[in-house]
Amino acid sequence: MKKFRRVLSLILISIMAISLVGCGEDKQENTSGMYVYFINKEGDELAKEEYRVKSDNVTSQITDLLDALSKDGDDKNDKAAVPENVIVNGFKLENGIVTVDFNSEYNHLENQREVMCRAAVVLTLIQVNAVDGITFTVNDKPYEKVSGTKLGVMDASSFVSMLRGGDDQFAVADFLLYFGNEEGTKLKKYELKNANYGNKTKEEFIVEKLISGPNKDGYTPTINKNVKLRSVSSSNNICYVDFDSSFLTERSGVLDEVCIYSIVNSLCELNDIHEVQITVNKDSDIVYHKKISLREPLIRNLDLVEVE
């Protein structure tokens, strides 16, 4: 009988050991790798770090990811996408759409910072299998930009221009830019065929081309070559272009309207860009040379284009 009990005890111990191993394997199988998006220290690019969620429960995954978005990354240069003063009140998931609700501090984020935050949240949460899109609210009211534009449902395609072209050094496309005419009084179309934009976004390529100037006679540069492009990104059909302070002081020999709308019209030639918000050191509360307000996004102006 004692021998039987010893054998039975060994069998029970073996079963428990197998069960524990099995539980460990199940836990490992339920652990999936995703990415959490952060903002670099300059505040003009997204960075990502691998993140492992340990649950198949969608609510738990979203909760974990939102929590991670409010913390700095493992790399000391990767800063939290959601600033410390911005609080996530909660979220709800209905029919594949996650509505993330923030406190009122979200309304006070500077333009570029808000776009980067929004992009990081969307690109992070869209990885959850049950999520097809994301919307934002502030204290349970639809988030509305300063211009009055209400955001719709967003997914990764809303921020495709913020994801650089990767390692494709042979990416080519046709571009239509606008430089000044010889007198600098009108815009003049400037075509680039099969232009290699490499691993830059199309928006970045366009603005850098405007700064470098035309390579043909009959055109006048619209942006001084000393001007530095700090960042460029797009979301919800608006392109955000940020220059350094030299944009306000360095002239290029064209009318002020020609300078501003060379940027706006050139970027609006891209299918997904309908408006352009120009800032200087992330500040949009500017009247360019006391003539053109930059407080709101601008739409293209074809009246300035020289008739061929």
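Visitor: Where does His289 lie?

Guide: His289 is found in the loop between strand S12 and strand S13 (292-293). Helices (H or I, at least four residues) and strands (E, at least two) are DSSP runs, numbered from the N terminus. Keep in mind that this is a predicted model, where local features need pLDDT of at least 70, side-chain atom pairs count only at pLDDT 80 or more, and totals for chains, interfaces and linings use all residues. Residues are numbered from 1 along each chain as its sequence is written, and side-chain values use heavy atoms, with hydrogens and water left out.

Visitor: Is His289 buried or exposed?

Guide: Buried means under 20% relative accessible area, exposed means over 50%, and partly exposed is in between (1.4 Å probe, protein chains only). His289 has 18% relative accessibility, so it counts as buried. His289 also has a positive phi of about 50°, although it is not a glycine.

Visitor: What about Asn281, which also has a positive phi?

Guide: For Asn281 the phi is about 50°, and this residue is not a glycine. You'll find Asn281 in the loop between S11 and strand S12 (287-288). Its relative accessibility is 41%, so Asn281 counts as partly exposed.

Visitor: How many helices and strands does the protein have?

Guide: There are six helices and 13 strands. Of the 308 residues in the protein, 46% are buried.

Visitor: How do I read a nonpolar core, and which residues have the most contacts inside the largest one?

Guide: In soluble globular proteins, nonpolar side chains tend to be buried together. A nonpolar core is a set of buried Ala, Val, Leu, Ile, Met, Phe, Trp, Tyr and Cys residues joined through side-chain atoms within 4.5 Å. Here the largest one has 44 residues, and Phe243, Phe247, Ile260 and Val276 have the most contacts inside it. At least two residues of this core come from each of strand S7 (172-180), strand S8 (187-196), helix H4 (202-212), strand S10 (238-243), helix H6 (256-267) and strand S11 (275-280). H6 gives the largest share, seven residues. Apart from this core lies another, of 38 residues, among them Tyr37, Val121, Leu123 and Ile134.

Visitor: Which residues does Val276 touch?

Guide: Contact means heavy atoms within 4.5 Å. Leaving out residues up to four places away in sequence, Val276 touches Cys239, Val241, Ile263, Val264, Leu267, Cys268, Pro297 and Leu298.

Visitor: How many aromatic pairs are there, and how do I read one?

Guide: A pair of aromatic rings is described by the distance of the centres and the angle of the planes. Rings of Phe, Tyr and Trp (its six-membered ring) pair if their centres lie within 6.5 Å; planes under 30 degrees apart count as stacked, over 60 as edge-to-face and the rest as tilted. That rule gives nine aromatic pairs. Take Tyr106 and Tyr143: they are edge-to-face, 5.0 Å centre to centre, with 90° between the planes. This pair links distant parts of the chain, 37 residues apart: Tyr106 is in the loop between strand S4 (97-102) and helix H3 (111-125), and Tyr143 is in the loop between strand S6 (141-142) and S7. Both Tyr106 and Tyr143 are buried.

Visitor: Which ring does the charged end of Lys48 sit over?

Guide: A charge sits over a ring if NZ of Lys or CZ of Arg is within 6 Å of the ring centre and within 35 degrees of the ring normal. The charged end of Lys48 sits over the ring of Tyr35, 4.4 Å from its centre. Likewise, the charged end of Lys188 sits over the ring of Tyr219, 4.7 Å from the ring centre.

Visitor: Where is Lys145, and what does it touch?

Guide: Lys145 is in the loop between S6 and S7, and it is buried, with a relative accessible area of 9%. Not counting residues up to four places away in sequence, Lys145 touches Glu114, Arg118, Leu151, Ile238 and Tyr240.
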